[in-house]
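Good morning, colleagues. Please look at it first.

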Amino acid sequence: MVVTVAPAYQLLADRIRDEIMSGQLRPGERLPTEPQLCEQSGLSRSTVREALRLLSSQHLIVTTRGVNGGSFVAEPDALALGDSLSDGVGLLLANGAVRGDEFLEVRRMLEVPAAGLAAARRQPHHLAELERAMFDPDVDDLDRRIEAHAAFHLAVAAASGNALLGLVVRPLYTVADRRAVEAAAPLPMWREIDRDHRALLEAIRAGDVDRAMSIARDHIDHVRPAELATERRNDPVPGVDRL
């Protein structure tokens, strides 16, 4: 059996990442200097720099120049983390590693309880965000509908009051959203989506947890047939049902 040994820069980056994730290194804390890291690890300066570049690309550290410069543990950035997750989900969808049906299953698992939490916890500013995310299917163009669709579901997640939920659902309604929603491009489907959104808004406004969850569940079921039809049309093997 062939044993693959990770490159030295990867091993160093992994060690520093473990210290960050364990809390041994705190946000804003300065890392040892490059010469100090070289001395501690026995690695060359170029190898140490490659490890730092890797950690920076993963949004774990930030590096500044100047007299007071250096490498520091990054402050948590939910938006940057969400963007990284979005890129990953988009890549999986584009390469067929994740099917449209699986995508919608995850939406159901997250979106239904999120709607219930939103109905229980929403604040006035959450309702205002949901209202701003309404669209007119007979007037607004496709780009506006897709933008509003994503904004509405992100606003529902925000209204849940759970910051982690908002982070996890973001990839489902950003990069990946266009692929899923374009499947529902026919105008009658967009009218149905609009009705679902407005009904869900009213349930959340009324604080009706059960109704909000029921509408969210039905909303996924309304989108699902169009998504599956699109996936079958795009099946690389004619006549083979992938689902």
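Which residues are exposed on the other side of H1? They are Asp18 and Met21, where exposed stands for over 50% relative accessible area, buried for under 20%, and partly exposed for what lies in between, with a 1.4 Å probe and protein chains only.

Before I continue, a word on the source. This is a predicted model, in which local features need pLDDT of at least 70 and side-chain atom pairs count only at pLDDT 80 or more, while totals for chains, interfaces and linings use all residues. Residues are numbered from 1 along each chain as its sequence is written, and side-chain values use heavy atoms, with hydrogens and water left out.

Now the overall fold. The chain has 11 helices and 2 strands; these are DSSP runs numbered from the N terminus, helices being H or I with at least four residues and strands E with at least two. Along the sequence the order is α-α-α-β-β-α-α-α-α-α-α-α-α. Of the 243 residues, 40% count as buried. Among contacts between residues at least 6 apart in sequence, 70% join residues at least 24 apart, a contact being heavy atoms within 4.5 Å.

Let me return to H1. This helix has 14 residues and spans 20 Å from its first C-alpha to its last, close to the 20 Å expected at 1.5 Å a residue; the expected span is 1.5 Å times one less than the number of residues. Its buried residues are Leu12, Ala13, Ile16, Arg17, Glu19 and Ile20. Seen down the helix axis, the buried residues of H1 fall within an arc of 160 degrees, so they line one face; the arc is taken from the directions from the axis to the C-beta atoms. Those residues pack against H2, H3, S1 and S2. Just after H1, Gly23 adopts a positive phi of about 90 degrees.

On a 1 Å grid over the protein atoms alone, a cavity is a set of points where a 1.4 Å probe fits but cannot get out, whereas a pocket is an open set with protein on both sides within 12 Å along at least five of seven lines; lining residues have an atom within 4 Å of a point. Points are joined across faces, edges and corners, and a volume is the space filled by probe spheres set on them.

The largest pocket holds about 330 Å³. It has 15 lining residues, and His59, Leu60, Ala74, Glu75 and Pro76 lie nearest its centre. Helix H1 (8-21) and helix H4 (78-94) each supply at least two residues of that lining.

The second largest pocket holds about 190 Å³. Of its 14 lining residues, Thr33, Glu34, Gly69, Gly70 and Ser71 are closest to the centre.

Arg145 is buried, with a relative accessible area of 12%. Between Arg145 and Phe135 there are 6.3 Å in space, C-alpha to C-alpha, and the two are 10 residues apart in sequence.

Thank you for your attention.
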